[in-house]
Amino acid sequence: RYDYEVLLQNSTFCLVPRGRRLGSFRFLEALQAGCVPVLLSNGWALPFAQVIEWNKAVIWADERLLLQVPDIVRSVSATKVLALRQQTQILWERYFSSIEKIVFTTLEIIRERLPLQPSRDGLVWNSSPGALLTLPHFSDTLRHYPFYLDMLGAEPDNQFTAVIYSQLGGPAVSTSPLYRLIRNIARSLYVARIVIVWSGEKPPPPRSRWPSLPSSVPLNILQQQVPYGGGGNMAAEQLGSVVNQQQVGRPASSSSISQRFYPHPLIQTDAVLSLDEDCLLTTDEVDFAFAVWKSFPDRIVGYPARSHYWDDAKGSWGYTSKWTNDYSIVLTGAAFYHRYYNFLYTHWLSPLLHKTVEQSQNCEDILMNFLVSHVTHRPPIKVTQRKQYKEQPPGGARSPWNDPDHFIQRQTCLNTFAAVFGYMPLLRSNMRLDPVLFKDPVSNLRKKYRQIELVGS
């Protein structure tokens, strides 16, 4: 006797003859198992054939010439078999793995038939992450999405926009962590703009109190004008030779702490450098992380790493900040990511996820990691050895990140997010990228990122 599921999982080709009608449920079973369907049903129109190129995932055979089937499958090269099996997984995961995805795919195909509605070409529909995660209202140019740069032979912009989230509202003095961070970012050769998302209870300092920056690096302050829940907007003030006032509406589902991930029109570069106001990064650390991100524009690339794990005793997911041999989360308090993820975070995620972040005023960085890992099926990337990335509060003052409830909230968020997503998308990695010659016993003058050498562990 054979176990049907085991046999299916270990098969390379699966015969899919017609059932009582042209189609057969065996077709979806084969897709799910990563088995290449060999279709034996002349005249069968496969689902979503208007947008899906099924010849990249299935093999057609004539049901009147069954004796030719063995020769047909033996003639398929090993490289072609791998490509076919990979494509079955893309199509199954993106369009057929749930009733919701089947419904959403149907609605998307109908929507693209409506007048004046943007549509997506075959490359989007037939490659990962698929059309349901490539929102056409973001851009009509594939180059603006992080997933298609390699396919198009394009590279991301050579500049980034730094978005600093200011929640503590420290003193407006030149020695404050926020001011030092602004000056360090402004020294980078690749920074296009610095945006301060001001979320403190006190109003931001006047323009005269902010650091003087080069004219090529504009500094903008985004401040929420009314409390969240009152339909509030954010005012954008540009600090420099010209002061520009803008009103920017936010979706009702956005929580105040999620302002840092709002797709603001000021962010025009592909890369976003997300920072907390008390971050300790030097200019060299920023430049090196940006160089790494340009090689992995679909990932989160940054410094502080965390891990998730399964707790058998509690029967739930756990969250840890201990340093281990692997990690699955890179905190957005000091990390690069593509600006398209701001758009997905704001307009695509479930309102229940936004509500969870709003109620806890926490976990927005974990949610962004969930989102990126769900879209890419890849882990984030940690760079260099830095363990401490936040300034210690002076005089023993307490920071929101030192609150004992902060850690408990993050444990709860982790399990809530996994329940809403329907699975755990986070993936572990044990890779860390350091500069060449880093910590090698050679002269520091020979090294490109000299400040990194001086950063303590």
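Which residue in β3 does Leu-39 stand opposite? The residue is Trp-60. The model described here is predicted.

**The sheet**

The strands β1, β2 and β3 form an open sheet of 3 strands, in the order β1-β2-β3, and the pairing is parallel. Strands β1 (13–17) and β3 (59–60) stand at the edges; each has a single partner strand, so one side of each has no neighbour in the sheet. Strand β2, residues 36–40, runs parallel to β3 and is joined to β3 by 2 bridges. Leu-39 and Trp-60 face each other across this pair.

| Helix | Residues | Strands touched | Angle with β2 |
|---|---|---|---|
| α2 | 26–33 | β1 and β2 | about 160° |
| α4 | 78–96 | β1, β2 and β3 | about 90° |

**The nonpolar cores**

In soluble globular proteins, nonpolar side chains tend to be buried together. The largest nonpolar core in this model has 108 residues. Trp-54, Phe-160, Ile-185, Ile-194 and Ile-196 have the most contacts inside this core. Helix α12 (residues 364–376) supplies the largest share, 7 residues. At least three residues of this core come from each of domain 1 (4–99) and domain 2 (160–224 + 256–385 + 401–433).

Apart from neighbours within four places in sequence, Ile-194 is in contact with Ala-162, Ile-164, Ile-182, Ile-185, Ala-186, Leu-213, Val-217, Pro-218, Leu-219 and Asn-220.

A second core is separate and has 10 residues, including Val-36, Val-38, Ile-59 and Val-81.

Technical notes: Residues are numbered from 1 along each chain as its sequence is written. This is a predicted model: local features need pLDDT of at least 70, side-chain atom pairs count only at pLDDT 80 or more; totals for chains, interfaces and linings use all residues. Side-chain values use heavy atoms; hydrogens and water are left out. Two strands pair if DSSP finds at least two bridges between them. Helices (H or I, at least four residues) and strands (E, at least two) are DSSP runs, numbered from the N terminus. Contact means heavy atoms within 4.5 Å. Axes are lines fitted to C-alpha atoms, for helices over the stretch in contact, and angles run from 0 to 180 degrees between N-to-C directions. A nonpolar core is a set of buried Ala, Val, Leu, Ile, Met, Phe, Trp, Tyr and Cys residues joined through side-chain atoms within 4.5 Å. Buried means under 20% relative accessible area, exposed over 50%, partly exposed in between (1.4 Å probe, protein chains only). Domain bounds come from an automatic or database domain assignment.
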